[in-house]
Amino acid sequence: MPSSKVNQDLQNERKKCSFKNEDFTLWWQGGEAKLKEKRSREKFFLSEPEFFDKVPLHFLSHKEVYEESVRKATVIFRKVKQMQAQGKDGVDNYMALLGGLLGSGILKEGNPLAVHFVMFLPALMGHGTPEQQAEWIGRAWNCEIVGTYAQTELGHGTFIRGLETTATYDENTKEIVLNSPTLSSYKWWPGGLGHTANYCVVIAQLYTKGVCHGIHPFIVQLRDEETHMPMPGITIGEIGNKLGMNGVNNGFLGFKNVRIPRANMLMKNAKLLEDGSFVKPPSSVLTYGTMMFVRVVIVRDMANYLSKAVTIATRYSCVRRQSVINPDQPEVQVIDHLTQQYKLFPAIAKSIIFKLTSDNLWDMYNQVTSELDKGDLERLPELHAIACCLKAVCTADAAQAVETCRLACGGHGYMTCSNLFGTYGMVTAACTYEGENTVLLLQTARYLLKVWTQAQKGQELVPTVQYLQNFLSSNQRQSWDDSVPGIIKALQTVAAGKLRLASDHIEQRKRTGRTPEEAVNLTSIELARTADAHCRAFLVQSGYEMIEKSCATIPPELARALRDIYELYAYDEAMKVVGDLLRFTTITESDISRLQQKLEDSLAAMRPNAVSIVDSFDIPDTVLGSALGAYDGNVYERLFEEAKKSPLNQEPVNKSFHLYLKPFMKSNL
């Protein structure tokens, strides 16, 4: 086993820190009560012997990984019930156990019950009438039934208006008949669908009186509650191995004349009357409420997974020595190379900015949801637009950053026991589930085009797009200012400038005879980049405002370290769009050189604090799950211990030698 002694290089790094780790951790977790609750929860779960793997999961078969994931998932939620019995109830337990930290530390290949809690239950709450909620939520919350959420089909994903599954109302029997008319209409991807869930919220096209009323949610029983055998007319199974998340049990589902009661259509918004009449919802966007909730959760998960990756890579980079800088000196810690710092430190900043922005988005989601309950739909499109682009940008950036962290660990990062491969599998999946990223950017762009028209008419705009009014009121290019507030204004100017050009190009194409839809498609590259720019300006602004808000109540040493973080993030984002800044602001060559210098200075400012920042994330070794990133820094000992666990090392000679190698070697070819 690795020694209990901490690697000296890592210990020396911790002595350089300019702030108290516990101060950062308290700020990061949201105060003493939250931190105490987090550590108590981790102690409660991580001391459970049933969660320790006798054999690392990557040595198990696909079937064994699923079975082990189900076993652990049931233990997890039994223990949640124990916590509730002790008076330790709360949504934070579920968030932690279903998220990218504690939950992923226990269930490294994903949780087959996750969609039950993250989508099935929210769908019942968001789309069910009080009567439907009374019938279903209690059973679902107690896991007397296990549900999933079936929307994506084999032939249709993000474009949900194109879904092919049909739900046809039979006025004679007062039943809804579900069918999968083609192979491409089979549901494909829902987590837990393969062999775990016995109920499902199914999204299908509603037909009544021969008219299609678009997509709506329906509760469908998939399997018998006692035998777990598929119900009549149900074709169901698991879709197979994937890049990651192989414990989630993603499945396929087909229907052949499956009848459900009319009351099984969730009718909080749209309604199907007994005579077949259809009552429209107050807004079509309400149908997408569950997806918006999940996108809010995804942004936070990206911050969590990325915090794991940067912890692993930063600690490893202090232990690993590679190459010399001065020829007469010994090999240096990899972290002393400026290129390594540029791989790691912006990724650390991203994990922090993403988390702060997810907190901001969560507050917005709760406010808009509260307004919806009062019938106020005004800010729903704004929430939808910002959630779409944040999901797209944060998942793409997190996937790229995790891969950069893996590359920063050289060959050792390629090993499964680094847990960078597993983390990447979790993160990159999010680039496509709950809305493919390019499509989501285009949805945001469609919203921006609408508010651009409003801005041109002088109408008042909602907070996230108010910068468009400032842009329109100014007849000159934005003056360059390399302070962080100045960079935020410049990035907003870039977004507004791109939006103006895209709007102009759409109008030009329409004047040449293109239909509005064709004109938008031909401008879609510009539109996607516009939404990306809008989102990045929002991220920099969110990080800056939320850290500045915190700085009044935290020790000055920590405040300085946090400002270093948002400055690095802002400088890095600005340097990546220098071409756009040249196009839309007054930035000059000398300004760019100064910005590059400020970026390098911010790397130097973070260098002494890097290890302590990732330490302050307070991620236990068990949750981190990495031979490279453990707190003690004993990388080589841990790598060797992991290698010895391979089933191939449990015997001195593998049978393949006698069966194949020896005859081959003796055959005198």
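Author: Buried means under 20% relative accessible area, exposed means over 50%, and partly exposed lies in between, with a 1.4 Å probe and protein chains only. At 0% relative accessibility, Cys388 therefore counts as buried, and Cys389 is likewise buried at 0%. This is a predicted model, in which local features need pLDDT of at least 70 and side-chain atom pairs count only at pLDDT 80 or more, while totals for chains, interfaces and linings use all residues. Residues are numbered from 1 along each chain as its sequence is written, and side-chain values use heavy atoms, with hydrogens and water left out.

Reader: How many disulfides does the structure hold?

Author: In general, a disulfide is a covalent bond between the sulfur atoms of two cysteines. The criterion here is a pair of cysteine sulfur atoms within 2.5 Å. The structure holds zero disulfides.

Reader: Which residues have the most contacts inside the largest nonpolar core?

Author: In soluble globular proteins, nonpolar side chains tend to be buried together. A nonpolar core is a set of buried Ala, Val, Leu, Ile, Met, Phe, Trp, Tyr and Cys residues joined through side-chain atoms within 4.5 Å. The largest one here has 181 residues, and Phe24, Trp27, Phe45, Ile352 and Leu468 have the most contacts inside it. Helix 9 (residues 289-319) gives the largest share of this core, 19 residues; helices are DSSP runs of H or I, at least four residues long, numbered from the N terminus. Apart from this core lies another, of 24 residues, including Tyr169 and Met267.

Reader: How do helix 10 and helix 11 pack?

Author: Axes are lines fitted to C-alpha atoms, for helices over the stretch in contact (heavy atoms within 4.5 Å), and angles run from 0 to 180 degrees between N-to-C directions. Helix 10 (residues 338-373) and helix 11 (residues 380-408) pack at about 160 degrees, with axes 10 Å apart. Angles under 35 degrees count as roughly parallel, over 145 as roughly antiparallel, 65 to 115 as roughly perpendicular and the rest as oblique. The two helices are therefore roughly antiparallel to each other.

Reader: Where is Cys409 placed?

Author: Cys409 is in the loop between helix 11 and helix 12 (420-429). With a relative accessible area of 1%, Cys409 is buried.
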